[in-house]
Amino acid sequence: MEAPSERAPSHETSAVITPSTVVPWTDGPAPTLADVQTHLGECTRCELCQGRQSIVFGDGNPDADLMFIGEGPGEQEDLRGLPFVGRAGELLTQMIEKGIGIPRSEVYICNIVKCRPPRNRNPLPPEVSACRPFLDGQIRAVAPKVIVTLGKPAASLLLGRNVAITRLRGTWQEYQGIPLMPTLHPAYVLRQYTTENRSAVWQDLKAAIERTRA
Ligand code: SF4
């Protein structure tokens, strides 16, 4: 996630919570991304709605073979309404375009939560739960051949257990029948900018793109 902002944490103001609604795509035909986004609307299902400038739904090819899932929007993402457009996003784009050699527009990128957590803290369990149906809807809509999770929270959520990302990265996992490659979050790589970390992510992305072509 991006560098901390100066904005006050949203929990200092009162919550505007609406009840979670039953999502229409848990069974039956897969939704489109537009269906999911329409259902999300101007969401106030968790407290993260209070501090946001934008809902950062997702970006990229709706028929992508490769889907990237991060943790939550940072400052730049919140301002621009797009995922992974700050410094970490630039690194991710570079790794996709120069590392594995495909345009970023060919992949689909989103986050576990669609609104920026205050001071870029990790999303809290109620926030993750409130937003989870929309991530599930996105995964069903895109139906990627391979999912790449970026960082520990995304891998832990999809695998349903608390993972040690530095140990798990680079090993094939599965989410609802879809091969899943956990890798390091680009913000972590920026903080620990070592050849070893850059090379680890590059290897993971290379394995992921090769799997989409298998
Ligand atoms: S994080 Fe998700 S559930 Fe929470 S307000 Fe934003 S869109 Fe709604």
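The second largest pocket holds about 200 Å³ of space. A pocket here is an open set of points on a 1 Å grid over the protein atoms alone, where a 1.4 Å probe fits, with protein on both sides within 12 Å along at least five of seven lines; its volume is the space filled by probe spheres set on the points, which are joined across faces, edges and corners. The model is predicted: local features need pLDDT of at least 70 and side-chain atom pairs pLDDT 80 or more, while totals for chains, interfaces and linings use all residues. Residues are numbered from 1 along each chain as its sequence is written, and side-chain values use heavy atoms, without hydrogens and water.

**Pocket lining**

- I112, N122, P123, P125, V128, K152, P153, S156 and L157 line the second largest pocket (an atom within 4 Å of a point).
- Two or more lining residues come from each of α4 (125–142) and α5 (152–159); helices are DSSP runs of H or I with at least four residues, numbered from the N terminus.
- α5 gives the largest share of this lining, four residues.
- The lining comprises six nonpolar, two polar and one charged residue (nonpolar: Ala, Val, Leu, Ile, Met, Phe, Trp, Tyr, Cys and Pro; charged: Asp, Glu, Lys and Arg; polar: the others, Gly among them).

**Packing of α1 and α4**

- The axes of α1 (residues 33–40) and α4 come within 8 Å and cross at roughly 165° (lines fitted to C-alpha atoms over the stretch in contact, with angles from 0 to 180 degrees between N-to-C directions).
- The two helices, α1 and α4, are therefore roughly antiparallel (angles over 145 degrees).
- L33, V36, H39 and L40 of α1 meet F134, G137, Q138, A141 and V142 of α4 (heavy atoms within 4.5 Å).

Technical notes:
Angles under 35 degrees count as roughly parallel, over 145 as roughly antiparallel, 65 to 115 as roughly perpendicular and the rest as oblique.
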